[in-house]
Structure formats: structure tokens, C-alpha cells
Amino acid sequence: MTPENSEESHPLLRPPGGGSPCGRRVFLAAFAAALGPLSFGFALGYSSPAIPSLRRSVPPAPHLDDSTASWFGAIVTLGAAAGGVLGGWLVDRAGRKLSLLFCTVPFVAGFAVITAAQDVWMLLGGRLLTGLACGVASLVAPIYISEISYPAVRGLLGSCVQLMVVIGILLAYLAGRVLEWRWLAVLGCVPPSFMLLLMCCMPETPRFLLTQHKRQEAMAALQFLWGSEQGWEEPSVESEHQQLSGINAVMFFAETIFEEAKFKDSSLASVIMGTIQVLFTAVAALIMDRAGRRLLLALSGMVMVFSTSAFGTYFKLTQDGSNNSSHMDLLVPMSAEPVDTNVGLAWLAVGSMCLFIAGFAIGWGPIPWLLMSEIFPLHVKGVATGVCVLTNWLMAFLVTKEFNNLMEVLRPYGAFWLASAFCIFSVLFTLFWVPETKGKTLEQITAHFEGR
């Protein structure tokens, strides 16, 4: 047995009488780490208000056409895929804390490049840098939070990763209503800067310190986080389904999707959608450790099946007999239909998309990131999590970049019905293959997968 495996398979300390720790600094440390996902969410949401603003810009300012707008939304996912690989390497070598500190650099640099952009290439370069930071943050933050948390609050704190992502998206939507794209990029530098300051005061995770044979430092970290050295023991396949639901395409192009649906105030609809996502992600965080992961994943998938089917039905009803063109561009609004038809069905579009966001937020939004940080043992966590994040972001790129082409080939209703089919598969996958991890220590979860 290697030293690493030895550390994993034996409890560090057990609480007397099986009690739970009561330290509060663990919440502060989790908040500091979750500022990375907040920055990540802002970077994802940035494209939704920025694309319409950049499409309206005139020289000498950068201008986006249909093709460059598609790349502007999608290239962040390529950077994030690379960030997943980099993060998987960093997290096992530099540690969880230093990896989080590192990701603040490309966040700030990327938004700074966008702020100073004089042409489309600078815009894309800035988006690529912020994407790199997103990939590192999306991998490291769940691991850091999972490893500093005790079982009674691990579901709550782990779900806060996705909660901060959707708060970041909503912040970008709200700020985009009053700020043009340059000042919006300036605002994007604030969360990672704040994260840099806070994380400097937080400890490395005790579990990582043990793998480095630094037991005294691990005890000191426990004392800081939990107020006690008692109560701790320690020693993906989810993410592709998360992206095939179409969520990133919806979030990146929220305003243009609602323009396609001919909703009068598409930016307001995006804000409403973002607010719903924040609220339901918060609900998921509160009930995660009571309801369990599997129940919420199955419920979430069923809601998404219904909502994507309804949204596809909206497009089918509005396009039959009203648009004979074989070409449909998501980024170019459709010609107006008769007012009575639009008024009668526009709320079906808004309602079904809001239901989709609510369903995603309560299960398939937060839980894959949480499970990813729970199920892998320490000696493979960096590599295995890196593969999951790489898969996630490559699927996000495929869905986001090709969403426009998919709308052309399958028509809008066909694209959303295809997403519904993937959601059905996600429900079946959950019921047959996803284990329940609520209330279990990370050591117990590892033992389950190792068959002991």
C-alpha cells in the first residue's frame, strides 16, 4: 500500500460520540473558493448582453457579425476545456489553494483584454483567457469545498458552487441592461480580484496536506476550519449529460433565443430566467442533504424533458404555415407574425424556458459538480476530475458552437426535441447507475466504488 493510499484508507480523527463539527470558518473558506464559480458564471453570462451590444457597434469599435458572434459565445468553452486539463494537473501538484489563486490571473487578464479590445481577435483572445480560468475554477472549486466540508454540510456547500455560477450569470444579465460591453468587462474583474484577497487568508485542504505527509499542517487547517481537530475522516460521466440538455446554448444565447421566440423584451426575459435559476439552485442547496442526489437528478431530468418538449412545440406551432424559408439563423430575428398568434403563444415560450431553467437548477446544474468532487479517491482525483471537466467543456463547445447550425438543420422545434431525448436518457442513467452519496463520508463513498 502506497503512502497516499494509506492516508486515504484510515480515518484522521473521529468525533467522540459521533458528533458533528460546528466551526464556522468552513463557510467563509467555501465562500472564498466559490468566488471562482461566481467569476465563471459572469464570464458565461457576459456573452448574452455583450453580443447584441457588439452587433450594434460601429467602427472603430469591434463589430460582431453572425459568424464571429457564434465564436464569441463558444470560444470560452474551448478555453475551459484546456483549463480543465491544466487544472487537473495543477490540483495534484500545486494544491487546491494555489490552483484557485492561479485561476484569478487569466480571469482578470481576459477581461482586461476584452476591455481594451480594438478588433475581433482581441475580443476572442480575451474570451479564450476567461475560458481557461473557467475551466480551472470549475474543476478546483468543487474539490476544495468538498475536501474542507464535513458530511452534514457537504451537499449544502457543494451546491453553492452552482449557486454562485448562476448568481454570476444573473449579475451579467442585470449589469448588461445598464452597461455597455467594455464597462461590463471591467465589472468582470471585480469577483476574481476579491477572491484573490480572500483565498490568501484561507488554508490548504487537510486532505491534500495529508497526501503531502504534512499532518501537523492538516491538523492546523482542521482547527481553523472546524474549530476542532475532531470529526474528520477521509481516506464522470455525469457532465456530458449536463451539456447535452442544451443548457449552455440557452445561457449563452438567452436573449437571441427569446428574440427568435419574438418576445418583446428579450433582455428582461433573460433576467427573469436568471433569477429563477438562482432561486431554484438555492432551493437545491438547502434540500440536497435531505432529499439526496439521485432523487433530485431524476426529478430535474423529468422537468427538463417536459419543458424542452413544450418549447419545441411552441416553435412548431408558430412556424407551421408562417415561415416557408428553409434557412433559419438564430442570431437574426424572424419576421414578425400576426400579433394575436404571438401574444397567444409567447408565454408558452417564456414559461417552458423558465421551467427548463428551474428543472436544471434543482438537479443537473449543481449535482454533477458535487458528485465529481465526491466519488474519486485522492490519488486519482486530479486526473479523473480533469477528464470530467474536459469532457464537460468539449460538449459545451459542441453544443454552443453548433447550436445555430442545429437550428437550421432540424429547425428550432427539432433542436429542442433532440434536447428532450437527451434529457430522457439522463433520467434513465440516473435511475440505473448513479449511487446515492448523501450523509456519507468521502471514505465511505470511495469504499463503495472499490467494493469494500
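Accessible areas come from the Shrake-Rupley method with a 1.4 Å probe. The model is predicted.

**Exercise 1. Describe the protein chain as a whole: its accessible surface, its buried share and its secondary structure.**

Step 1. The accessible surface of the protein chain comes to about 16,800 Å². Carbon and sulfur atoms account for 69% of that surface.

Step 2. The protein chain has 452 residues, and 60% of them are buried.

Step 3. The secondary structure consists of 19 helices and zero strands.

**Exercise 2. Determine whether T104 is buried or exposed, and state which residues T104 contacts beyond its sequence neighbours.**

Step 1. Locate the residue: T104 belongs to helix 4, which covers residues 96-115.

Step 2. Apply the cut-off: a residue is buried under 20% relative accessible area. T104 has a relative accessible area of 3%, and therefore T104 is buried.

Step 3. List the contacts: with neighbours within four places in sequence set aside, T104 is in contact with P192, M195 and L196.

**Exercise 3. Describe how M372 and C388 are placed relative to each other.**

Step 1. M372 lies in helix 17, residues 367-375.

Step 2. In sequence, M372 and C388 are 16 residues apart; in space, their C-alpha atoms are 7.6 Å apart.

Step 3. Leaving out residues up to four places away in sequence, M372 touches C388 as well as S138, P142, T385 and V389.

Step 4. Both residues count as buried: M372 has 3% relative accessibility, and C388 has a relative accessible area of 1%.

**Exercise 4. Identify the residues that make the nonpolar surface patch of about 580 Å², and classify W433 as buried or exposed.**

Step 1. The patch is made by I424, L428, L431, F432 and W433.

Step 2. W433 lies in helix 18, which spans residues 381-433.

Step 3. Exposed means over 50% relative accessible area. W433 has 59%, and therefore W433 is exposed.

Note on methods: Residues are numbered from 1 along each chain as its sequence is written. This is a predicted model: local features need pLDDT of at least 70, side-chain atom pairs count only at pLDDT 80 or more; totals for chains, interfaces and linings use all residues. Side-chain values use heavy atoms; hydrogens and water are left out. Patches are made of residues with over 30% relative accessible area and no salt bridge: like charges are joined within 9 Å, nonpolar side chains (Val, Leu, Ile, Met, Phe, Trp, Tyr) within 5 Å. A salt bridge is a side-chain nitrogen of Lys or Arg within 4 Å of a carboxyl oxygen of Asp or Glu. Helices (H or I, at least four residues) and strands (E, at least two) are DSSP runs, numbered from the N terminus. Buried means under 20% relative accessible area, exposed over 50%, partly exposed in between (1.4 Å probe, protein chains only). Contact means heavy atoms within 4.5 Å.
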